[in-house]
Amino acid sequence: MPIPLADRAAALLAYDPGISPKGGGLPGLSVLKNVVNSINMFGIIAVVGALAVSLGVWAWGHHTGGHQAEANGKKGAVVAAGAALGLGAANGIVAFFSGLGSQVH
């Protein structure tokens, strides 16, 4: 009895190539990790500067009655805080979703 087309397609789609992430397989992995760590640190330092400027604009706008400057300072402070959260949590976020992805079969 021939195998139905839907069953053959499901068997092809369910093929497991057997690939999983491994450290040390390529040369330069430690250099790449150092580069990414440096980029992350650069981003965090830039966010500290952006937060300081935004808080200064917020305070200046508040004390001079510049409502638009005050609103832009608040917006910048929230964006800087969100960027700091994202940069600090980047490794955990990737690890979390990588773990979820490895559970898909």
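Which pattern does the chain follow when read along the sequence? In this predicted model, the chain follows the pattern α-α-α, and its secondary structure comes to 3 helices and 0 strands, where helices (H or I, at least four residues) and strands (E, at least two) are DSSP runs numbered from the N terminus. Residues are numbered from 1 along each chain as its sequence is written, and side-chain values use heavy atoms, with hydrogens and water left out. Because the model is predicted, local features need pLDDT of at least 70 and side-chain atom pairs count only at pLDDT 80 or more, whereas totals for chains, interfaces and linings use all residues.

Of the 105 residues in the chain, 10% are buried, a term that stands for under 20% relative accessible area, with exposed meaning over 50% and partly exposed in between (1.4 Å probe, protein chains only).

Helix α2 (residues 29-64) packs with helix α3 (residues 67-102) at an angle of about 160 degrees, and their axes are 7 Å apart; the axes are lines fitted to C-alpha atoms, for helices over the stretch in contact, and the angles run from 0 to 180 degrees between N-to-C directions. The two helices are therefore roughly antiparallel, given that angles over 145 degrees count as such, those under 35 as roughly parallel, 65 to 115 as roughly perpendicular and the rest as oblique. By class, the contact of α2 with α3 has 14 nonpolar, 7 polar and 2 charged residues, where Ala, Val, Leu, Ile, Met, Phe, Trp, Tyr, Cys and Pro count as nonpolar, Asp, Glu, Lys and Arg as charged, and the others, Gly among them, as polar.

Within helix α3 lies Val-79, which counts as exposed at 55% relative accessibility. Val-79 and Val-47 are 32 residues apart in sequence, and their C-alpha atoms are 9.1 Å apart in space.

The structure holds 1 aromatic pair, formed by Phe-96 and Phe-97 in an edge-to-face arrangement, with 5.0 Å centre to centre and 80 degrees between the planes. Rings of Phe, Tyr and Trp (its six-membered ring) pair if their centres lie within 6.5 Å, and planes under 30 degrees apart count as stacked, over 60 as edge-to-face and the rest as tilted. Phe-96 counts as partly exposed at 49% relative accessibility, whereas Phe-97, at 54%, counts as exposed.
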